[in-house]
Amino acid sequence: MVHEKIFKEYEEKIPESLISEVKKHVPEKITEAKLKKVLDEVEKEYRYSLAAPGECVGVISAESIGEPGTQMTLNTFHFAGVSEMNVTTGLPRLIEILDGRKTLSSEIMRIHLKKPYSGGKDLDKVVARLKEITLGDLIEEIDTDLVNSKLVLKLDKNQLKKYNVNSQKVINVLNKSVKAFKFELQGNSIEVLAAEGDADIVQLYKLKEKLKDVYVHGVKGIKQVLVVKREDEHVVLCAGSNLKDVMKLDFVDPTRTMTNDIFEIEKHYGIEAARELIVRELMEVIDGQGLNVNVRHIMLVADTMCMNGKVLGINRYGIVKEKSSILARASFETPIKHLVSAGLMGESDALSSVIENVMLNQPVPVGTGLPGLVIKTAKKK
Amino acid sequence: MTEKQKNSKESKKEPVEHVLVPKHEKISEKEKKELFEFHQIEMKDLPKILITDPGIKHLSPKENDVIKITRNSSTAGKAIFYRGVVSE
């Protein structure tokens, strides 16, 4: 571009996206003076479009998200169950994100793979390495031998081969995780004996149930694995989430792999990543419902949730708790609790926000109510 | 120093690489003063970031530092955001 210098000048004044749009639309041979005129005009329009100080953007956001939200309730369940995996979408997911819930109804990881694997190489091995395998997946049956008070676990050869686990590894894992019993390999099956003396029947039955859930191989917490093709690369979708362990695997691309658990992202990548994820997840839900909400409203919500350095839900345990005004907190939920505790602690209210001034029938600091007057008085002689 | 220790020390200095993580920078005292004067604010008015936050680990932050975050915004292309470092 010829006028790179002029554009640079305006970089401070108008956002990057507007500059690139101007670059795209102005003719190649524009004169310097004309370009400046265009950019000045763009700057003027941009400044005009900014939210004015004191504008109650929160209320506008609430309306803009709330109104389409009412339509969402009607068609929530029609869209449930996308892409063979049970994914929570629609209003339940929206509430889940905004409330800042720590346990999700369905955790999904999207694992991007490094180069040869993303093209489709050794995908079955990738899947076998990822999926959590318990002993229950590897055995055909469990025989209870009451005469000799022992269990006989018959290993499933096909499953062992499929998940690339050898029987010796199974024995090692078992000996490590179940201390009170001895495990011995006998041909194709495992014999379980009490470490000392004879085990009674109750113990054996309890053990039988316990053994099925012993973790053997794969990534803990990954319950279901599905490979899909997205834009000419293979991506692995997983039910269940375990960011820490998945990132250690050598075929995983750690810069793009993602989970829908906001708190897990916050823990590993920090508050800014969590904010970005909140925006993306909310937009995905809203777009998935065929609704149209401007991303700015969602950004405002995400910014508010991440204001304090950690993710807070929009409820009385989250951002409402952080409000400085007692009356504002009391007006939200559980008013008596707040008023009593404020009274006990001898707190005071500066009446600096909206809701407490509404209660007291005073002008609210919003819009034209925000600025105060400053008068220059004559100096005393 | 063993290999493992070496690795962990190196990785501490490197910023986390992830599509979700924007660029974090620590701004100087002078820039900090200018920022506060321009917006007529104080430290407590800024949004916060925890000192233990993984996104700023490589900057070895101290309390009351200001972190400049250059976000990739879908509306503005690039958006600049500031957070003050707090200890809890």
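**Close-up views of the predicted model of chains A and B**

**View 1. The interface of chain B and chain A.** About 2200 Å² is buried between chain B and chain A, with carbon and sulfur atoms giving 57% of this area. His18(B), Leu20(B) and Thr75(B) supply 28% of the area that chain B buries against chain A, more than any other three residues. The contact draws on 29 residues from chain A and 26 residues from chain B. As throughout these views, the coordinates come from a predicted model.

View 2. Four salt bridges are counted between chain B and chain A. One of the salt bridges links Arg83(B) to Glu272(A), whose closest N and O atoms lie 2.8 Å apart. On the side of chain B that touches chain A, strands E2 (48–50), E3 (66–73) and E4 (77–86) of chain B each supply at least two residues. Twelve residue pairs are in polar contact across the interface.

**View 3. An open sheet in chain A.** Four strands of chain A pair in an antiparallel manner, in the order E8-E9-E1-E10. Strands E8 (224–229) and E10 (258–259) form the edges, each pairing on one side only. E8(A) is joined by six bridges to the antiparallel strand E9 (residues 234–239) of chain A; Gln224(A) has Ala239(A) in E9(A) as its bridge partner.

**View 4. Lys380(A) in the segment after helix H18 (354–359) of chain A.** Lys380(A) counts as exposed because its relative accessibility is 85%. Its C-alpha atom is separated by 70 Å from that of Ser105(A), 275 residues apart along the chain.

**View 5. Confidence along chain A.** Chain A has a mean pLDDT of 85, and 96% of its residues reach 70 or more. Over residues 76–82 of chain A, pLDDT stays under 50. Where pLDDT is low, predicted coordinates should not be read in detail.

Terms used: Residues numbered from 1 in each chain as written. Chains lettered and ligands numbered in written order. Predicted model: local features only at pLDDT ≥ 70, side-chain atom pairs only at ≥ 80, totals over all residues. Heavy atoms only, no water. Pairing = 2+ DSSP bridges. Buried < 20%, exposed > 50% of the residue type's maximum accessible area, 1.4 Å probe, protein only. pLDDT = per-residue confidence, 0-100. Contact = heavy atoms within 4.5 Å. Buried area = accessible area lost by both parts, 1.4 Å probe. Salt bridge = Lys/Arg side-chain N within 4 Å of Asp/Glu carboxyl O. Polar contact = N/O pair within 3.5 Å; in protein donor to acceptor, adjacent residues only side chain to side chain.
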